[in-house]
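User: I'd like to learn how to read a few features off a model. Could you walk me through this one?

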Amino acid sequence: MTDREKIHSGKVYYPSGDEIMNEQLSYVNKLYDFNATRPTELAKREELLKEMFAEIGENCYIEPPFHANWGGHHVHFGNNVYANFNLTMVDDTHIYVGDCTMFGPNVTVATAGHPIDPELREKAYQYNMPVHIGRNCWLGAGVIVLPGVTIGDNTVIGAGSVVTKDIPANVVAVGNPCKVLRPISEHDKEYYFKDRKIDYSDL
């Protein structure tokens, strides 16, 4: 199996050979174009994202700058995904994001890791594990999601959390390492922030 064939296999491989680097650079060039767009060039951004991503649904918005190892080539977005500035997708293998999910500023989603063994790491070997983020999730500012993690539907990940293991659906999870704090409940239908009640008649 060649290094190029190992990219999506979970096996350890060398990522800096000419074949991989030349392909990777061709995708990163489009990412450069996306980040160079003016704020008024929304239609151009939308078209570039369709070219850059493996899949991208309707009404998705990414606030530049956006960073991705493969320019989004291994990223799959559903519909109505929103990302604030400085979203980083270490997309050496596939990242899947469901409909209506939101990313706060400075979120990192990483699929690439390196062996702990110093000799292998010194030679720049790596491995990749896919990440799955469910539908209607909210990842707060500065969240880091590590390789191989799955986050369930409707879940909120608190700002600054480091997600090292799978998080189930319908919970609020926080911390480093990120752990479930509580389930999403009827209380959340009544209060949106501390003691502030939701006024449904005003929505």
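**Reading the model**

Analyst: Start with burial: 36% of the 203 residues of the chain count as buried, where buried means under 20% relative accessible area, exposed over 50%, and partly exposed in between (1.4 Å probe, protein chains only). Keep in mind that this is a predicted model, where local features need pLDDT of at least 70, side-chain atom pairs count only at pLDDT 80 or more, and totals for chains, interfaces and linings use all residues. Residues are numbered from 1 along each chain as its sequence is written, and side-chain values use heavy atoms, with hydrogens and water left out.

User: How many helices and strands does the chain have?

Analyst: Helices (H or I, at least four residues) and strands (E, at least two) are DSSP runs, numbered from the N terminus. Here you get five helices and 20 strands. The radius of gyration is 18 Å, close to the 17 Å that the globule rule gives for 203 residues, so the chain is as compact as a globular protein of that length. That radius is taken over C-alpha atoms, and the rule is 2.2 Å times the number of residues to the power 0.38.

User: Which residues is Thr111 in contact with, leaving aside its neighbours within four places in sequence?

Analyst: Contact means heavy atoms within 4.5 Å. For Thr111 the list includes Val90, Asp92, Tyr127, Met129 and Pro147. Thr111 sits in the loop between strand 8 (108–110) and strand 9 (112–113), and it is buried, with a relative accessible area of 0%. A polar atom of its side chain lies 3.2 Å from the backbone nitrogen of Asp92.

User: And Val163: is it buried or exposed?

Analyst: Val163 is buried, at 0% relative accessibility. You'll find it in strand 16 (residues 162–163). Its C-alpha atom is 6.1 Å from that of Ile144, a residue 19 places away along the chain. Beyond its neighbours within four places, Val163 touches several residues, among them Val143, Leu146, Ile157 and Cys178.

User: What about backbone geometry?

Analyst: Most residues other than glycine have a negative phi, and most peptide bonds are trans. In this model, the bond from Pro64 to Pro65 is cis, with omega near 0°, and a cis bond also joins Asn176 and Pro177.

User: Where does Cys100 lie, and what is its phi?

Analyst: Cys100 lies in the loop between strand 6 (95–97) and strand 7 (102–103), and its phi is positive, about 65°. At 26% relative accessibility, Cys100 is partly exposed. Asn106, in the loop between strand 7 and strand 8, has a positive phi near 65° too.

Terms used: A polar contact is a pair of N or O atoms within 3.5 Å; within protein, one must be able to donate a hydrogen and the other to accept it, and residues adjacent in sequence count only if both atoms are side-chain atoms.
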